[in-house]
Each structure stands twice: as structure tokens, then as C-alpha cells.
Amino acid sequence: MRMRPTLSWIPSGDLPPGTTDLEPVAAALRTGGVLVLSGAGISTESGIPDYRGEGGSLRRHTPMTYQDFTATAQARRRYWARSHLGWRTFGRARPNDGHRAVAAFGRHGLLSGVITQNVDGLHQAVGSQGVVELHGGLDRVVCLSCGDRTPRRELARLLEEANPGFAPVAAAVNPDGDADLTDEQVGDFHVVPCTVCGGVLKPDVVFFGESVPPSRVEECRRLVREATSLLVLGSSLTVMSGLRFVRQAADAGKPVLIVNRDATRGDRHALTRVALPLGTALTTVADRLGIPVDEVAA
């Protein structure tokens, strides 16, 4: 029997409470060498829902797992129909104040790097450099047979041609770009194969139940080793893919600071957790540091 991946975490009663004091975050940035680890919560103000916050998609939606995706053609048909529709909305999302603040901190030399658990590309869209996409990116597609990688826009064009008139109304779009559709709405949606070898195409993202490539994990571990502190933005840290870097930083004696409205699985390792909306919190910190958030990247 296949085991389902960990999707939820219930906070215990002994976690330290959140605060509204942003000075520890500002102090860490003044020192420099801060490594950012961002999660779905930083993109909610761009219209992309998170998984586990208030109104999070896990309350009504179970994300596609790697095991399910590779098991049957029907599962892939359902996924690609939903993802194709979701991409139309997901691809129109734009960076918000939180993304802009992170980019501004980077331009002013306060960051040592950015690791994101998100697959939306919004950090890069606003000018953050050297972003490590821990879980990959929805703007790319990979063939499971030959490994060929192509832009998502090319697959979108092929799917449009193969499914003329496909325009159901989705109940919602989820953080993984998967729109909520019924089986009736999916219908006989036609999935296209790899144009190189005819193999199965998959978004170039790490599904639930799939492992992050070891080389990518090691790159993130190196960034943690070289950082002065770790700043977690908008992540519940429920899954080990992100939590392990919090534990690594804490074990090395590096300050861990978290900005997340709800309790996280990393709170007991953190110097502080600021329970404020990310856009407001980060623009306030930028203002304290005299850094304009809306400046144009050079």
C-alpha cells in the first residue's frame, strides 16, 4: 500500500507565541548575509492561495502526488486538464510587496541568497537573483522518458490546439497551479506527448511524494552554511523539504527568524516568529532600513 505524503501538521500547545515586533528581522538584515526561505504565504497577496493558512487549499483539495501521476493515464488526463486551465490564471499572477521587498534587500546587498518552496516564479519576475527553486518551476515541462525540458508556454500552445474550446469554469486555483474541476468538466481532455520521444510529460516541479534532487538539496545546505541567519517568509514548514534547513541553521547556532501569521513547525527553533501579513511586515522593515521597495532594478 502506498503511503500518502505528509500534508498537515497540528501545532502543540507549547510553541512560543507570535509577536508583532519587527526589530529582530530588521537587525538581522542590517547585519547582512541573510538567507531567505520563502513559502506559499508570500504569494497569497498576488492572488495565489496557500496550502495551510486560513482558507488554505488543503481544506478542500488534495494535491497531485508523483505516485498518482505516474500510475495511470486517467490521473494524468485529470491533472493536465486542471493544470492547463489553472495556468491561464496562475501565469497572470504578478509580484506583490513581499516579493518586491525581498528583491530590494538583495539589491542592497543584505541577502546571501533566496530559496523558495514556491513554483510560481514571482521572486525572479521582480528581479531577485540566484533564486534556488527548491520544488522546481511551473514555467517548465520535463519528459519522464528522455528528460527533454521545454517552456510551459509551448505545451500550453499544443494543449490549446489539441483541445479547442476547452474553457470550463474552475471553482478555484491552487498553489500548485491545479484548478478545481469535476470529472465531468475534465471530460475527454486530450493530453499531448513529448515532441522528442513521445514520452509522458510532467511539469518540472517536485510533486508531493517525490524527492527533491540531491544536488539541489546540497546547494541549499551550502547556502545555509554560508549564511549569517535564516529568514523564513510565509511557510508553515510542515514538510521536511523546508524544515530541514531551519533545523540545520539552528543546529549551527545561526538565528532563525520567521514571518508567518500562523504557528509553524519551525517555531521552536526560531529566535522569533512575527505574526503579521508579509507585505506589510516586509515593507515596514524596508522603510526602517531606508530601502525603497518600488525602485526599478538596474
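1. In this predicted model, 74% of the contacts in the chain with a separation of 6 or more are accounted for by residues 24 or more positions apart.

2. The radius of gyration of the chain is 19 Å, and a compact globule with 298 residues would have one near 19 Å, so the value agrees with that expectation. The C-alpha trace spans about 55 × 45 × 35 Å along its principal axes.

3. On burial, 51% of the 298 residues of the chain count as buried, which here means under 20% relative accessible area. The accessible surface comes to about 13500 Å². Carbon and sulfur atoms hold 50% of that surface.

4. The secondary structure of the chain consists of 10 helices and 9 strands.

5. Strands of a sheet pair through backbone hydrogen bonds, in either a parallel or an antiparallel way.

6. A closer look at one pair: strand β4, residues 136-143, is joined to β5 in the antiparallel sense over 3 bridges. Which residue in β5 does Arg 140 stand opposite? The residue facing Arg 140 is Pro 151.

Methods
Residues are numbered from 1 along each chain as its sequence is written. This is a predicted model: local features need pLDDT of at least 70, side-chain atom pairs count only at pLDDT 80 or more; totals for chains, interfaces and linings use all residues. Side-chain values use heavy atoms; hydrogens and water are left out. Two strands pair if DSSP finds at least two bridges between them. Helices (H or I, at least four residues) and strands (E, at least two) are DSSP runs, numbered from the N terminus. The radius of gyration is taken over C-alpha atoms; the globule rule is 2.2 Å times the number of residues to the power 0.38. Buried means under 20% relative accessible area, exposed over 50%, partly exposed in between (1.4 Å probe, protein chains only). Contact means heavy atoms within 4.5 Å. Accessible areas come from the Shrake-Rupley method with a 1.4 Å probe; for residues, only the protein chains shown count as cover.
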